[in-house]
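Reader: Please take me through the reasoning behind the terms applied to this predicted model.

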Amino acid sequence: MKIEFNDLSIIHNEIKDEINKSINKTISENKYILSDQVDRFEREFSKYCNAKYAIGCGNGYDALFLAIKSLNLRKNAKVIVPAMTYAATSFAVVNAGLKLELVDVDKNGLIDLEQIEQAIDSSTKLVMPVHLYGQAVNMKKVKKISKKHNLKIIEDCAQAHGGYDNHSNQKLGCLGDIACYSFYPGKNLGAFGDAGAMVTNNKKLYNKLKAFRALGSMQKYHHDNYGVNSRLDELQAAILRIKLKKLDKWNASRKKIGIYYLNNINFNDDFRAINTTKNSVYHIFNLIVPQRKKFVNFMSDQKIPTVMHYPRSINQHKLLKEQFSNKKFINAEEIAAHSVSIPIFPQMKKEEIDYVISKINHFISKN
Ligand SMILES: Cc1ncc(COP(=O)(O)O)c(C=O)c1O
């Protein structure tokens, strides 16, 4: 048996006719940039996130960068970011001219809430929780800390479309000042290329973000600030509208598979799951594996692809190594050194899931 890591072709076959129809309609209407499809997607996606506004943009990184810029923080203000995330979260902070303040994550890879408080000083102005692997950060606690210290919150929701905060039971994406999404093709909600969005309940921020993504212009050829060009295009919006209708069904299927993995892999103290938070939408299912190289080779021999999310914590990137050399990021570095992600996608067949489990259990029993 050969398993795909994330088989998008099955997802797309399921909706091929609807997508073709919608693409053809967009082409025949001769509208490609910031028109009806983007408007509609923005309305539908904000409603889906229980938020007032969504603003489409070019990708998840741009969403983060624009969101940070829209807060108008003073140069070098400190921004708290978890040490285990995709590079985009931290690079957006640096590129926006602010000071990155990394804190460690917990055993599940989510920002360590105790460490947020410890890292705050008078120049800290923003915290960016990342709902990593599809899990939800405890936003109730993040909001409490932020209120106490007068911090802004930008949620990085790039891996958690449709997820819920376990502690408030509220949907992610409307719990801070702005939430940022990536619709990279492999995400729980993915486009046919790059795409992203920002979601907010704040009308002022909404208007700012709408202008920022279009070179600072609300009215064609009238530019009131130095924004960037980062638009969601009509074809991607048309595709996302169709896929959004299926997202809850696909997330439910991911959850079923994730829980089945948790219940059927013979974990022990050393060989454990990372993604164990309740209510995860399982964008990624990953394990801590003591003998990672041996395990990855073994899985590859069984024709089961694996990926590492991520092989370096943010402090381990060459660019940032020195800046953070006096700080410890024990959990982030453990994940970087030992995590392995295994296949998970909504249409995975029962026999494929059982095959993956049987091979992992075989490896565990022999090592
Ligand atoms: C946590 C996180 N943040 C940000 C991004 C950036 O999104 P994009 O690749 O669309 O720029 C990603 C995408 O991989 C991500 O996983």
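Reader: How much area do domain 1 and domain 2 bury between them, and what makes it buried area?
Author: Domain 1 and domain 2 bury about 3,500 Å², with 55% of it on carbon and sulfur atoms. This is called buried area because it is the accessible area that two parts lose on being put together, summed over both. On the side of domain 1, Lys107, Tyr133 and Asn188 lose the most area to domain 2, together 21% of what that side buries. In terms of contact, 42 residues of domain 1 meet 40 residues of domain 2.

Reader: Why is the pair Lys107 and Glu334 called a salt bridge?
Author: The N to O distance between the side chains of Lys107 and Glu334 is 3.9 Å. The rule asks for a Lys or Arg side-chain nitrogen within 4 Å of a carboxyl oxygen of Asp or Glu, so the pair qualifies. Across the interface of domain 1 and domain 2, three salt bridges are found.

Reader: How do you know that Cys57 is in no disulfide?
Author: The nearest cysteine sulfur, that of Cys180, is 7.5 Å away. A disulfide needs two cysteine sulfur atoms within 2.5 Å, so this distance is too far for a bond. The structure holds zero disulfides.

Reader: What makes Cys57 and Cys180 count as buried?
Author: Cys57 has a relative accessible area of 0%, and Cys180 has 1%. Buried means under 20%, so both residues are buried.

Key: Residues are numbered from 1 along each chain as its sequence is written. This is a predicted model: local features need pLDDT of at least 70, side-chain atom pairs count only at pLDDT 80 or more; totals for chains, interfaces and linings use all residues. Side-chain values use heavy atoms; hydrogens and water are left out. Buried means under 20% relative accessible area, exposed over 50%, partly exposed in between (1.4 Å probe, protein chains only). Contact means heavy atoms within 4.5 Å. Buried area is the accessible area (1.4 Å probe) that two parts lose on being put together, summed over both.
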